[in-house]
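Welcome! Take a moment to look over the sequence and the model below, and then we can walk through them together.

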Amino acid sequence: MSKKPYFPRVALIGIGLINSSLARLISRDKLAESIIAYSRKEATLEEARALNLCNDYTTDITTAVKDADLVVLGIPVGANVSVARLIGPALKIGSIVTDVGSVKQSVIKDVSPYLPDGVHLVPGHPVAGTEHSGPGAGFPELFKGRWCILTPESTTDPAATESIRNFWINAGMQVDIMDASHHDQVLAITSHLPHLIAYNIVGTAYDLEAITEREVIKYAAGGFRDFTRIAASDPTMWRDVFLSNRESVLEMLGRFTEDLASLQRAIRWGDGDALEELFTKTREIRRSLIDAKQV
Ligand code: NAP
């Protein structure tokens, strides 16, 4: 078992699904002496306060970070650059800045230029989530049994990385460490492209003039319902994911389009063997996910 991580003061920048889950977990497992939450909107902080998620709440971002030993960025990845610019001068020397964003190269590019010497950046991505947003959507078991990917650079202090690794292990996660560009490629196919497909198919269904909205809702069980769940994910978060991971998503989209064209051909030419061969392979993938307890 890893050593229990302990941070006297944790600052949560953003208090949505992921950071509010973290707040609940940190309080439950006593991983910090105190937690302060920052959010832009007073209404979001009010919701967090009503749920008693943290010790302190502020809309002033420098107040949030100035005494913190651990700062967790839990905001849309497109907001990292403006937030880093604001917090940089206020960060405590020796503190660790980490994040939970779904894209990793952009975090390094956007945040590291603003961190003073002696502040450690350990980018992270807990690969766990739901389609819900906001402080009320979180729950401490969100991370349990899932994977967390850390993407420190070669210059990152190994002790800081180890501290964050322990933190996520204590949250019930398995931790992998990899290069940020590799992370972005892997997640482009396992997470970003599936979301794009869901957004697209739900949009297409609603645009079809020959099929009424009533019919779409009535017959949603035929696979469409699962896509609508994914397509209900936060629009701002996903806008930023696609804009920040543009290259990897476009590369995977190219591959996907080619494979889709070959399926189209198989259907046109009545090539049942090709269809059955693919569907058998994909069924095995689903079974291996179940065996690995990832569904
Ligand atoms: P969320 O529930 O939508 O909460 C977002 C938080 O960020 C809110 O506190 C919001 O504050 C704040 N925020 C939004 N725009 C901002 C801006 N421009 N500047 C400063 N703060 C801003 O989000 P979430 O689902 O927890 O996602 C947070 C991060 O985790 C994202 O980077 C996402 O990629 C990553 N992630 C998400 C999932 C998932 O399934 N949702 C899974 C893994 C990782 P206000 O309400 O005050 O505006």
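## Around the ligand

In this predicted model, a backbone N or O atom of leucine 17 lies 2.8 Å from an oxygen atom of the ligand. Threonine 44 brings an N or O atom of its side chain to 2.6 Å from a ligand oxygen, and a polar backbone atom of isoleucine 75 is 2.7 Å from an oxygen atom of the ligand. On its own the ligand has 910 Å² of accessible area, and the protein covers 87% of that.

Now let us turn to the backbone. Most residues other than glycine have a negative phi. Lysine 30 has a positive one, and so does asparagine 52. Here are their values:

| Residue | Phi |
|---|---|
| Lysine 30 | near 50° |
| Asparagine 52 | near 55° |

Where do they sit? Lysine 30 is in the loop between helix 1 and strand 2 (32–38), while asparagine 52 is in the loop between helix 2 (42–50) and strand 3 (56–58).

Are these residues buried or exposed? Lysine 30 has a relative accessible area of 64%, so it counts as exposed, the cut-off being over 50%. Asparagine 52 is exposed too, at 62% relative accessibility.

Key:
Residues are numbered from 1 along each chain as its sequence is written. This is a predicted model: local features need pLDDT of at least 70, side-chain atom pairs count only at pLDDT 80 or more; totals for chains, interfaces and linings use all residues. Side-chain values use heavy atoms; hydrogens and water are left out. A polar contact is a pair of N or O atoms within 3.5 Å; within protein, one must be able to donate a hydrogen and the other to accept it, and residues adjacent in sequence count only if both atoms are side-chain atoms. Accessible areas come from the Shrake-Rupley method with a 1.4 Å probe; for residues, only the protein chains shown count as cover. Helices (H or I, at least four residues) and strands (E, at least two) are DSSP runs, numbered from the N terminus. Buried means under 20% relative accessible area, exposed over 50%, partly exposed in between (1.4 Å probe, protein chains only).
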